[in-house]
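Look at the sequence and the model below. Then read on for a short tour.

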Amino acid sequence: MSRITRTLAAATAALATAALLAACAGTAAPEAGGNADPAAPVTGGTLTYLEHQAFTNLYPPQAGFYPNGGVVNNIAARLTYQNPETLEIEPWIADSWEVNADATEYTFTLRDGVTFSDGTPVDAAAVAKNFDVYGLGNKELALTISEAINNYASSEVVDAATVKFHFSAPAPGFLQATSTINSGLLSPATLDLPLEKFGAGNAAAIIGAGPFVVSEEKLGTELTFTAREDYDWAPPSLKHQGRAYLDAIHLIVTPEDSVRIGGLTSGQADYIRYVQAFDEAAVESAGFELYAPQTRGVNNSLSLRFTNPLLSDLRVRQALVAGVNAQEVVDTLFTANYPVATSSLSSTALGYKDESEHLTFDPKKAAKLLDEAGWTVGADGIREKDGTRLSLDVYEAKPQPLSKQTLELVSQQLKAIGVELNVKAADAGSYAEDIKDPLKTPLYHSMVGRADLDVIKSQFHTKNRNVLLSNDTTLDALLEAVASEPDPAKRLEADAAVQDYLAEQAYVIPLFEEPQVYGAADYVEGVEFESVGRPIFYDVWLNK
Amino acid sequence: MKHVLARIGQAAVVLFVAFAATFVLLQALPGDALMIKFENPELGLSAEQIAALRESYGVDVPLPQQFWHTLSGFLAGDFGYSIQNGTPVTQMLAEAAPQTITLALSAFLLAVLIAVSLAFLSSLTRFAWLRGFLRSLPGLFVSVPVFWLGIVLIQVFSFQLKLVPVIGADPVQGLILPVLTLAVPISAPLAQILVRSIDEVELAPFVSVVRAKGASRRRVLWNNVAKNAILPTVTIAGVLLGELIGGAVVTETVFGRTGIGRLTEQAVSAQDTPVLQAIVVLSALAFVLTNLAVDLLYPVLDPRLRRLSRGTARTAPAATPVLEGAAA
């Protein structure tokens, strides 16, 4: 469906763009005056926010899905706050904390007077219960373990304002984990609900301690957030304290790209999520602001599943890496908001190391490597060896922006070095099944955003997302070092070692650093994002 | 009465077959909703965690037992929970169905209005060019893709002319463009059938007789022709329900409306079995009821069928060509 409509949107683009430009030139101008005045923030007003997809579930460990995260981020406070600019961990609900030398014990002192929106206090017992659920899961209620928390053992309520967490092995990533939406603090009563009750239709019953509460839900189409008058525990490092500026946010699910863009540019909406690369120009030229926060994790890349016999030879993988021109992908399909990847990690990620020497586009080198590996060009231009064609499959990944177009372009590039890449599309069921088979899916298109060193383990470890479907124990050991090295400097080295290894082994073809692109009218002030590009509505105010 | 009872029995069988076939087909699809939900890489769950979750959802329960469980649930009005969202399916349907029914009924009425106007105007007009133009419209309407029409209507009437908002519209405003979008393609087959049957009936001998007695063209059309031409149109109207449901999928998604169509689109892409099962059975029910209503309407519209339905060969008249067309 969304693919059809996307193609369609492209087809009507000529007409639509012309129309939009004409329509918007008039509306944008008068508002520019208000923007010039750096007035003090105004409290009040309702923001109309258009979301691309409906949220599915508000259980924080499942908030990685952007529509879920956008909601959780604004209704749930966290122990700590990761400054989106410096990526430093700062106090929020926790006033202060202590970590023991080997990162197996964390003690948090909580701020006084914080309450959930149902009136219960955010005390040590409540916080302990939250992390017991996120760290250990609750099988009976089908509540899953949070991917951000490793080696969790138990909690200990020291006194009403002090809580201690114990880990079975060093967990240096835990402090950052307490700042992510996956660790959003929920009322103890909410955590007694089974996973189903966190689903769509029950949003108003999910009780957090954030600046907003969900006050109304129209199943699958609309959510209304209302500001909490008594919210007075913003991260101390923020200039703005007290309640949120906005009275309310009206979130409307608008799946159709052209309607979201048109809704913004015609003044029917104030702020929208998911501006496609091909729509960015239309939004900007109509006088609207584009925001493209980076997701700061593992880049949008193609994983080469080396357990597939065709990819078991290092030279073949190196040839594929050298045969893909990521710069051309970005220039053709994307914009300046999508920087070309220079490592498996984004250059805005913690622990990033430049690996571009391994990633240069060099079709001659690629051809030479394939020749050396014994793959000779056959009659149809595709290389062969012992009667086997060098033909690989990849599935269009619906969550990735313009995945199909990206893969088709990569397929053209690889054809030039004699490699066939078949871009396949599948229904969600076949996709979920086939991507676990390296024979059916030798190349896999994915990314993951999270501003902590652990992110690389999440993506590549055999016990986590395992995008390589790896059996490489060396890689696993390198990744475990990242997740369990208590010394910060050594942890950075461990992270660099993983990036080196991935590049040397040619396990991934990094394409670009993925942003989340939003559009907003110029009177929408205080637009901010948490460290992985989810919107923060707390500081937003309407300058009109 | 016996006839009616038999039809209701038939309807029940159709519903059961629809239920069973859906159950089997959804099971036969590769992958399942749990896999799609929990193997979503954005959750980052490990293989063991997923296996434990699958077990807690009861995937190991043998199929016949699952079938019986689902069937008894349906009979008791309990459609289970959406796997993707965890929301009770009954709640999802209760929020979606009234919206879709309003949209579909309004669109259908508008479509009938458009079709009747087109058919009558084209039959009454004395200008050949106008007749040609009017008669070519349904062909155009039927070939306009619903999503394209929706997007164009939004761009022109909402974003450019700013006549109706699409975002944050009140219920009535929010209906205008979707109804128009859905009505246009539905009106086309109605108009085509109506035009054709009017043409056929006008050639029937009784029309010549009435005309010869001095009745005006308009009078003949209203009193004699329309009455006879309406039957095939009613039949096709029953079939058009499918088009309405299909059109609703696209219309609701483009306009971002709640409804059965949007629900279907989301459930299909997540392979959300309980939701799909309920939607298919509900659609089958709607089909069965509409066709039942159409069948029961025939004798009301045509006295000849009234005698026919009593089922005695003694009074059954020789069927006219028009009626054969209607039965086909």
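## Confidence

pLDDT is the predictor's confidence in each residue, on a scale from 0 to 100. Chain A has a mean pLDDT of 91, and 93% of its residues reach 70 or more. Residues 1–37 of chain A fall below 50. Beyond near neighbours in sequence, that stretch has 53 contacts in the model (a contact means C-beta atoms, placed from the backbone, within 7 Å).

This is a predicted model: local features need pLDDT of at least 70, side-chain atom pairs count only at pLDDT 80 or more, and totals for chains, interfaces and linings use all residues. Residues are numbered from 1 along each chain as its sequence is written, while chains are lettered from A and ligands numbered from 1 in the order in which they are written.

## Where the chains touch

In chain A, 57 residues are in contact with 49 residues of chain B. Several elements of chain A give two or more residues to this side, among them α1 (2–11), α2 (13–36) and β1 (46–51). Helices (H or I, at least four residues) and strands (E, at least two) are DSSP runs, numbered from the N terminus.

Two strands pair if DSSP finds at least two bridges between them. β14(A) and β15 (residues 383–385) of chain A pair over two bridges. A:Val377 stands opposite A:Arg383 in β15(A).

Note on methods: Two residues are in contact if their C-beta atoms, placed from the backbone, lie within 7 Å.
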